[in-house]
Amino acid sequence: MNIRMLLFWGMVFFWLLVPNTLLAGTFEIKPGATIRFTDPPSPWQVSTEPPAFLVSERAESLHPKQLAAARRAGLPTAEDAARRMLKDNELFLFNPQTRSHIEVDFSPLKQGERAANDHSLKTSARYTAEELSAEEGLKEVKTASAKTQIEGATSAYRVDASYRKLDQPTRFVGVITFALGNWIYLYYTAPQDAAEDHVTVNRWLESFKISKTE
């Protein structure tokens, strides 16, 4: 076997052995703001559009007052309202088999609003935990929050929660941070027993980076 064939088969075996998690995705989420992260392994997918199962789930969770407000805004169906609400997110990562999903939301500062600091981020994390505890339809809610790290941000807080929704044990992880003039929310929701997905999302969060677009 000649040297070219040896090199060729060496590369083939290399790529077979390298897991999908070594591939990195880069997205310019907002003008001037870019994120980079390790792609989650198959069957996870990355999309700028919400998956159909998430639209259905969000539509089922809407309350009558929300549906009435949506109709007044020209959104006649619950699915229309759900899609509009989900459009606030710039990116979705999801496992279509388990329905685990991550929502990435960059919300720019409003005119006159001050940049977030450690105190305001900690307060926002506390509010998120309180809102989960008070949300209609959730039972056996348990929450905990702590400071965490996101590369490219000076401060970040993480909320971990478990609860039952429609009698289904569910896990939630929310990371709230601020960078480049944007409040940034990374929200993960999954079945409680999706153990591999929980490992995947923790690795994903560890790899998540925010930077100014060059």
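**Entry 1, ground rules.** I am working with a predicted model, in which local features need pLDDT of at least 70 and side-chain atom pairs count only at pLDDT 80 or more, while totals for chains, interfaces and linings use all residues. Residues are numbered from 1 along each chain as its sequence is written, and side-chain values use heavy atoms, with hydrogens and water left out.

I noted six helices and 10 strands in the protein, where helices (H or I, at least four residues) and strands (E, at least two) are DSSP runs numbered from the N terminus. Of the 214 residues, 37% are buried, a word I use for under 20% relative accessible area with a 1.4 Å probe and protein chains only, against over 50% for exposed and partly exposed in between. Taking contact as heavy atoms within 4.5 Å, I recorded that 56% of the contacts between residues at least 6 apart in sequence join residues at least 24 apart.

I traced an open sheet of seven strands in the order S3-S4-S5-S9-S8-S7-S6, with antiparallel pairing; two strands pair if DSSP finds at least two bridges between them. Strand S3 (45-47) and strand S6 (138-148) stand at the edges with a single partner strand each, so one side of each has no neighbour in the sheet. Neighbouring strands are turned by 15° against each other on average, direction ignored.

I then followed strand S9 (residues 182-191), which pairs with strand S8 (residues 168-179) in the antiparallel sense over 10 bridges and is joined to S5 by eight bridges, also antiparallel. For individual positions, I found valine 173 opposite tyrosine 188 in S9, isoleucine 176 with tyrosine 185 as its bridge partner in S9, and histidine 101 with threonine 189 as its bridge partner in S9. Eight of the 10 residues of S9 are buried, so this strand is largely enclosed by the rest of the structure.

Leaving aside its neighbours within four places in sequence, I found alanine 179 in contact with Gly152, Ala153, Ile184 and Ile210. The C-alpha atoms of alanine 179 and glutamate 151, which are 28 residues apart along the chain, are separated by 9.9 Å.

I looked up how helix H2 (residues 52-60) meets helix H4 (residues 78-86), and their axes come within 8 Å and cross at roughly 110°; axes are lines fitted to C-alpha atoms, for helices over the stretch in contact, and angles run from 0 to 180 degrees between N-to-C directions. That makes H2 roughly perpendicular to H4, the label for 65 to 115 degrees, whereas under 35 is roughly parallel, over 145 roughly antiparallel and the rest oblique. In this contact Leu54, Val55, Arg58 and Ala59 of H2 meet Ala78, Glu79, Ala82, Arg83 and Leu86 of H4. Within H2, I list Phe53, Leu54, Val55 and Ala59 as buried, and what covers the buried residues of H2 includes H4, S4 and S5.
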